[in-house]
Amino acid sequence: MPEPDQVAPVAIRARRRTLGVPGKLAVGWLLLVVIAALLAPVLPLDDPNDPVGSIARQGPGTDGHVLGGDGLGRDLFSRLVWGARASLLLSVSAVILGIVIGGFLGLVAGYFRGRFDTLFVGLFDVLLSFPQLILALTLVTVLATGEGVSSTRRMVVLVFALGVVSIPVLGRIARANTLTWSQREFVLAARAMGARHRSIMFGEVLPNVLPAMFSIALLGIAVVIVAEGGLSLLGVGVRLPTPSWGNIIAEGRSELRDAPHVVLAPTVAIFLTVLALNYLGDVVRSRLDVRESAL
Amino acid sequence: MAGSGTAHLRPAEATLLRLENLDVEFPAGGGKRVSAVADVSIDVAPGETLGLVGESGCGKSTTARAIMQLPPPTRGKVVFDGEDLTALDGERLRAVRPRFQIVFQDPISSLNPRRKVGDIVGAPLKIWDRGSEAERRARVDEVLEAVGLDPDTARDKRPHEFSGGQCQRICIARALVLDPKLVICDEPVSALDVSVQAQILNLLEDLKDRYGLTLVFITHDLAVVKNVSDRVAVMYLGKICEVAPPDRLYAEPAHPYTAALLESIPVPDPAAPVRKAGLAAGELPSPLSPPSGCRFRTRCPRAQDRCAAEEPQIRLVAEGQYVACHFPLVADEPLPIKGSQ
Amino acid sequence: MIGRREHVTRAPDELRPYSRRLLEVDDLATHFTTPRGKVRAVDGVSFALERGRTLGLVGESGSGKSVLSRSIMGLLPGNVERQGSVAFEDHRLDQMGPAELRSFWGTQIAMVFQDPMTSLNPVMRIGRQITEPLRFHLGMDRREAEKMALALLASVNIPEPGRRLRQYPHELSGGMRQRVVIAIALACGPKLLFADEPTTALDVTVQSQILDLLRTQQRERDMAMVLVTHDLGVVAGHTDEVAVMYAGQIVEQAPTRTLFASMRMPYTAALLQSIPRLANASHTRLDVIAGRPPDLLDPPRGCRFAPRCPYAQDRCREEPPPLQEADEPGHVYRCWFPVGTERGQEALERNLAAPVPQGVDG
């Protein structure tokens with residue numbers, strides 16, 4: 001059937017390539033956080049674990065400390081920057097785990113359908129049924145608590161625990177997108193010319209599925225950062241004294257009345273980061289919907 | 001009309017493609033099966049264009065997919081260049097694929113939006129590791145030019161930068177790059193504007209001559225199929241009704257369904273007599289439970305008792321013209337007087 | 001009667017004689033504002049339509065035919081700029097807001113779209129989809145509306161209407177769905193019906209049934225109809241007048257027989273010639289229209305068809321031709337060197353003698 005007139009074909013077509021002001025701000029903030037986190041060891045910061053009694057519970061600006069000190073007198077700004085490191089490392093790793101495993105399973109499920117699909121979707125359902133925090137709590141308590149457990153080990157377990165829940169989320173997105181893209185005739189055309197399933201899945205379908213997953217991944221990072229905060233409040237977040245945004249809040253809870261800035265600073269940091277990630281996640285998604293439309 | 005039988009097939013050595021008693025069934029939920037293609041046989045000689053025409057639900061696209069073994073038919077043989085494709089599997093089937101290609105209806109859906117056109121057209125060469133990098137590029141340029149696109153401008157662009165007609169040209173180029181013998185065109189111009197259709201149809205004729213192709217051209221548009229084909233097969237509800245050379249088919253259709261189709265086509269000439277659309281009354285029966293005997297009988301003005309009881313076999317009724325009907329329009333026997341369904 | 005700009009005086013209602021003129025579109029332009037600029041989808045269209053008459057609107061993608069019908073009804077999204085006037089029985093539709101327009105939609109003016117699957121609500125039974133407008137617009141109660149719905153389904157030749165009322169759209173075939181859509185459109189007895197490619201998505205045997213149905217309904221109800229299509233065959237057998245659109249403008253308009261007998265605009269002629277005909281022998285080479293439709297962001301300065309026109313001369317590229325009247329009554333066209341005239345023939349010969357490279361193939 002010949003293409004009918006689309007009512008406003010060009011209106012939908014070329015959307016502005018540049019980000020608006022909110023987009024630029026979001027990217028700016030995230031870049032700042034990421035760079036600060038990466039460069040933490042070489043930045044001229046105070047030792048985040050070194051308590052200087054005089055600034056304990058003192059607010060911002062005390063004695064040249066930008067954000068003041070926390071309950072034990074450690075430089076809050078420094079802890080915040082190092083905390084970014086831990087929070088980002090944790091959340092990005094967990095989401096990468098989700099993308100790699102969930103993405104792979106979803107891709108296979110969506111492409112081959114049939115038994116693979118039933119199996120993997122069942123697996124996703126099982127994983128989704130685990131209450132995230134309780135799972136993390138259990139895993140950490142069993143595997144990474146007690147004397148002699150290094151922060152690295154705790155981190156690994158946390159990445160695993162939080163990643164496990166992102167597997168089904170990203171897996172379902174991957175599967176849904178793969179299902180749609182696999183129906184497209186260029187996949188059939190690839191089969192018709194003799195391409196193998198493997199090269200079609202990874203060469204033709206995956207590049208089209210990845211962008212959607214990427215936008216969800218950004219949202220996922222935001223979710224994990226917040227989840228880590230929750231775990232810290234339960235006492236099973238990143239292991240102290242290594243700071244993370246979540247455990248700074250957890251520690252500062254007791255000082256809330258006298259030194260609210262201790263909780264406020266990381267909360268604001270989390271808020272801004274999650275906001276930026278969510279916004280960019282939406283922008284990425286809407287951009288990708290557009291580019292595909294042809295005349 | 002049920003179109004069983006093989007009377008219209010020519011000797012196997014004279015054909016490039018030969019379908020024998022093809023059946024394609026799909027599960028339809030609740031344990032039922034849809035018979036999308038039922039006992040269809042047809043052949044194509046080298047250098048010929050076979051037009052496969054019919055309305056929705058007739059099974060023509062399903063037949064195309066069955067020829068491509070995507071997926072293989074439920075029953076029956078597909079003999080291509082002397083080999084029975086249905087008997088091949090895995091690697092052996094893959095090895096034959098370069099020799100028969102397909103062009104689909106929707107040119108935009110047929111192209112990966114993330115790839116550049118040069119990569120898309122060159123992909124088959126890469127899969128089969130044909131030639132060096134330079135040779136592959138030269139071949140891609142050659143086919144792009146053959147389809148009327150400028151290789152230098154087209155190579156690095158993405159599909160969304162092209163119009164529907166141009167995308168279809170790219171698809172055709174991709175189908176030709178491996179130098180196939182047979183190209184199946186599944187409604188290649190149905191999604192295009194009228195003025196672009198003409199360009200693509202002319203292009204296909206030119207390419208057929210230039211590359212010595214054999215074509216199977218599938219469409220619902222009778223005027224288009226007449227224009228491109230050497231031989232036309234009309235399908236209805238999974239069966240073949242009639243096979244004939246186009247000029248003959250259109251001048252003197254033997255099957256009532258063919259006649260009904262021809263009568264329904266709107267002719268761009270207001271002076272033409274207004275025909276009643278009553279020749280094909282009612283709607284298409286459900287493919288889940290097709291009518292017994294001849295599948296067209298529920299809409300056929302000539303149907304008799306025999307049509308419900310017995311499935312008509314394809315037989316010769318005029319020079320080169322075969323029909324599957326108990327009471328065809330060009331038969332010697334007049335229609336029995338007691339006309340009733 | 002057609003296509004001419006007239007100064008229409010608005011007399012007070014009591015004094016005005018009963019006029020058959022239903023719709024008057026005057027210099028309608030619809031522009032979409034996009035980041036890349038202004039898309040002139042419809043650029044200065046004028047025509048008039050009387051009760052009981054069918055106008056065929058023919059064009060390809062990008063011609064503006066669908067935008068035109070939606071623009072007349074007022075069914076377009078926000079980023080749209082409209083100029084010109086649309087008068088429906090002396091009501092200026094272009095000056096009305098959505099609330100006022102809603103009182104016209106369904107009751108006075110209705111539209112049938114191309115794809116019956118997306119026009120019908122998949123989760124609502126057919127019966128309810130028909131009775132809803134009846135109850136809302138005409139204030140019928142449930143029983144009256146159901147009786148009316150049954151009658152409507154019967155009038156569009158749907159077998160077993162009682163059973164159909166309780167079914168969902170996916171349980172019906174494409175042809176039947178389109179009949180239901182037509183039934184809904186006609187439910188409140190509109191005076192004007194827009195049929196936007198109503199049969200393009202249907203099989204050819206069903207197509208003729210639907211077109212005949214529309215024609216019958218139209219005659220019975222003395223309804224005006226605008227039939228939008230790309231198919232010249234459909235238009236030939238089912239319309240009283242035809243307007244051919246190209247790049248947002250009407251390039252030729254005439255009573256149907258006149259148009260086919262003596263078309264003047266080269267685009268119309270080229271369109272007709274590029275269609276494969278049943279009457280032609282197989283393997284007949286088709287006459288193609290080279291090139292592609294113009295970019296509506298920045299249409300050519302002169303005649304919009306000039307880059308692709310075998311008759312084009314310098315004047316065509318400089319000066320946009322206005323709508324001119326032909327010899328036959330009611331026939332207007334937009335061309336400096338029309339088909340079938342001495343001027344045109346000379347221009348064609350001139351071009352053939354010194355071939356100018358045509359546009360890149362589409």
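Let's start with burial in chain B: of its 341 residues, 53% are buried. Keep in mind that this is a predicted model.

Now the fold of chain B. We have eleven helices and twelve strands. The C-alpha trace spans about 75 × 50 × 45 Å along its principal axes. What about contacts along the sequence? Take those in chain B with a separation of 6 or more: 67% of them join residues 24 or more positions apart.

Next, the interface with chain C. On the chain B side, 40 residues are in contact with 42 residues of chain C. Which elements of chain B give two or more residues to that side? Five helices to point at: α6 (164-176), α7 (194-211), α8 (222-228), α9 (246-251) and α10 (256-264). The largest share comes from α7(B), with eight residues. By residue type, the chain B side holds 21 nonpolar, twelve polar and seven charged residues.

Last stop, chain C. Look at C:A281. You'll find this alanine in the loop between α11 (266-273) and α12 (314-318) of chain C. Is C:A281 buried or exposed? Exposed, because there are 11 other C-beta atoms within 10 Å, and the cut-off for exposed is 12 or fewer. Now go from C:A281 to C:P294. In sequence they are 13 residues apart. In space, C-alpha to C-alpha, the two are 33 Å apart.

That's the tour. Over to you.

Technical notes. Residues are numbered from 1 along each chain as its sequence is written. Chains are lettered from A and ligands numbered from 1 in the order in which they are written. This is a predicted model: local features need pLDDT of at least 70, side-chain atom pairs count only at pLDDT 80 or more; totals for chains, interfaces and linings use all residues. Two residues are in contact if their C-beta atoms, placed from the backbone, lie within 7 Å. Helices (H or I, at least four residues) and strands (E, at least two) are DSSP runs, numbered from the N terminus. Ala, Val, Leu, Ile, Met, Phe, Trp, Tyr, Cys and Pro count as nonpolar, Asp, Glu, Lys and Arg as charged, and the others, Gly among them, as polar. A residue is buried if 20 or more other C-beta atoms lie within 10 Å of its own, exposed if 12 or fewer, and partly exposed in between; C-beta atoms are placed from the backbone.
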